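This report concerns a predicted model.

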Amino acid sequence: MEPAVTLRDVSFAFGDRQIFTGANLTVAAGEFATIVGPNGGGKTTLLKLLLGLLRPDRGEVKILGRAPEQGRSRVGYLPQHARHDPQFPATVMDVVLMGRLGNRWIGPHSQEDRALAREALGEVGLPDLAERSFAELSGGQQQRTLIARALCSQPDLLLFDEPTANVDSQAEEQFFALMKDLNQRMTILTVSHDLGLVSQVASQVICVNHNIIVHAASELTGDHLQEIYAAEMSIVHHNQVLEHPHD
Amino acid sequence: MTEFLQALANPAIPFLRYALLAGILSSLAFGTVGTYVVVRRISYLAGAIAHCVLGGIGAALYLQNAAGWTWLEPLHGALFASVLAALAIGWVSLRARQREDTVIGAMWAVGMAAGLIFLAKTPGYIDPMSYLFGNILLISSADLWLIAGLDLLVVAVAILFYNKFLAVCFDDVFARVRGIRVEFYYMLLLGLISLTVVLLVSVVGIVMVIALLTLPAAMAGHFSRRLWQMMAIGTVICMLLTSAGLAVSYVHDLPTGGTIIILAGLAYLGVVTFGQGRWLRRNGGRGLRRRRPAE
């Protein structure tokens, strides 16, 4: 089976700021991998390279065996921040159906699209909220709606950018339970700050700090993390990130 | 009010009927496209496109009178300048992210400046007032056909690509990952805005375009849970405002464009202050504004 994600000798820079130099990464199909690393180390850049939103200066990126622009149609993507206008007039159903875009170039969604959207809403535990206004949902419910939007694409790979950054701890636990469930049938790649919870569910930890190192979750020790974050520790005051190596 | 209705029925003053019809017809485009402008938060871009229109009108009048291009109408110049400005502004906002507001502000002013210079150099005296502040009473039956045509085009595109525009306005990164050509739809949206702006210029004039493009849609947003509802309600509000503005301005002998905008501003203020609360109570507290967990 082809790997879900392959980076071969990838270099990327924002102007003068070199992010990756000859980075390599392979994530096998079926894995639950979590991406960790200090801010500015390249986590989000890695995701953007995988999604074809950025192009590498050198090297090759493949997702589900194809170039990102083609492979991403089978990716369910959950962006980091709610990018939308908080007053945007859309129902939960409207938002979930966005996961079906790209199948038709004109006109309304098909009955099949709607059935898939309802199915996805059921899966995230919001089957009765389809006609509710997205803007009036709680943070956790909005999050689950956006996960349903990602699932609605019928993905083989889920790509989540800090999925639990804006939800409370109860919602976070529910979220990881759902991820564990979904991992039975799809590969999951998630950027996360919270190593505590992730280490219980993830099979791989991908450490990103200008280079990319993959560890099996079981072998991850405090020393490894110390290594990754070491450069940051003296200069950065982002407590949220720095607390974890000492856990 | 009776006075206005009698005047409407009077066969000797067809321009009043044309004006009423123009306001009602073009409200379709204002409500639809205005909704996209409001939710995508690009009223500033719409303002810049509108002001560039004066450059086109000035150039057309100059070419018509000084260069002998007698077939060229100001409206042709307006359409040309408006579409050109939309393309240029779209390109700037997509490519040159750093100083987007500076560049767009400059185009806003340069478009107007070009128009004023063309008008000054055009033989004979041309009063820019009607272009700046609207000339709905000068609309002819031929203009009405053009408005209806533009209307049809704008509304058809806005509806056919509704799902795409919805996704691009809501979350453009996600739309891109789903394989939507985000830049294309953004440019198409600016194209629709530019056509709508040309319609607006004949109703309320260049300077007041932004108000009628955004206020009805913004009011509608208070009563809508979905984007198409916002468009429909915005269209109805806009029809009411243009018609009421025309009536009030006729009865009290006021400039029509200014009257419509003042009414729009007052209505908006009313909706923000009072309407929201009353509507909320009637709907059991399910307003858009109030963010309440939905368990």
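The buried set consists of P74(B), G77(B), A78(B), L79(B), A81(B), S82(B), A85(B), A86(B), I89(B), G90(B) and V92(B).

Helix 4 of chain B covers residues 74-95. At 1.5 Å a residue, its 22 residues should span 32 Å, and the end C-alpha atoms lie 31 Å apart, in agreement with that expectation.

## Crossing of helices 1 and 12

Packed helix pairs are described by the angle and the distance between their axes. For helix 1 (residues 2-9) and helix 12 (residues 227-252) of chain B, the axes come within 9 Å and cross at roughly 100°. Helix 1 of chain B is therefore roughly perpendicular to helix 12 of chain B.

Helix 1 of chain B contributes E3(B), F4(B) and A7(B) to this contact, where they meet A247(B), Y250(B) and V251(B) of helix 12 of chain B. By class, the contact comprises five nonpolar residues, one charged residue and no polar residues.

## Contact between chains A and B

Between the chains, 31 residues of chain B are in contact with 31 residues of chain A. On the chain B side, the elements giving two or more residues are helix 8 (162-170), helix 9 (172-177) and helix 12. Helix 9 of chain B provides the largest share, five residues.

The side of chain B that touches chain A has 16 nonpolar, five polar and ten charged residues.

Methods:
Residues numbered from 1 in each chain as written. Chains lettered and ligands numbered in written order. Predicted model: local features only at pLDDT ≥ 70, side-chain atom pairs only at ≥ 80, totals over all residues. Axes fitted to C-alpha atoms, helices over the stretch in contact; angles between N-to-C directions. Helix = DSSP H or I, 4+ residues; strand = E, 2+ residues; numbered from the N terminus. Parallel < 35°, antiparallel > 145°, perpendicular 65-115°, else oblique. Contact = placed C-beta atoms within 7 Å. Nonpolar A, V, L, I, M, F, W, Y, C, P; charged D, E, K, R; others polar. Expected span 1.5 Å × (residues − 1). Buried ≥ 20, exposed ≤ 12 C-beta atoms within 10 Å, placed from the backbone.
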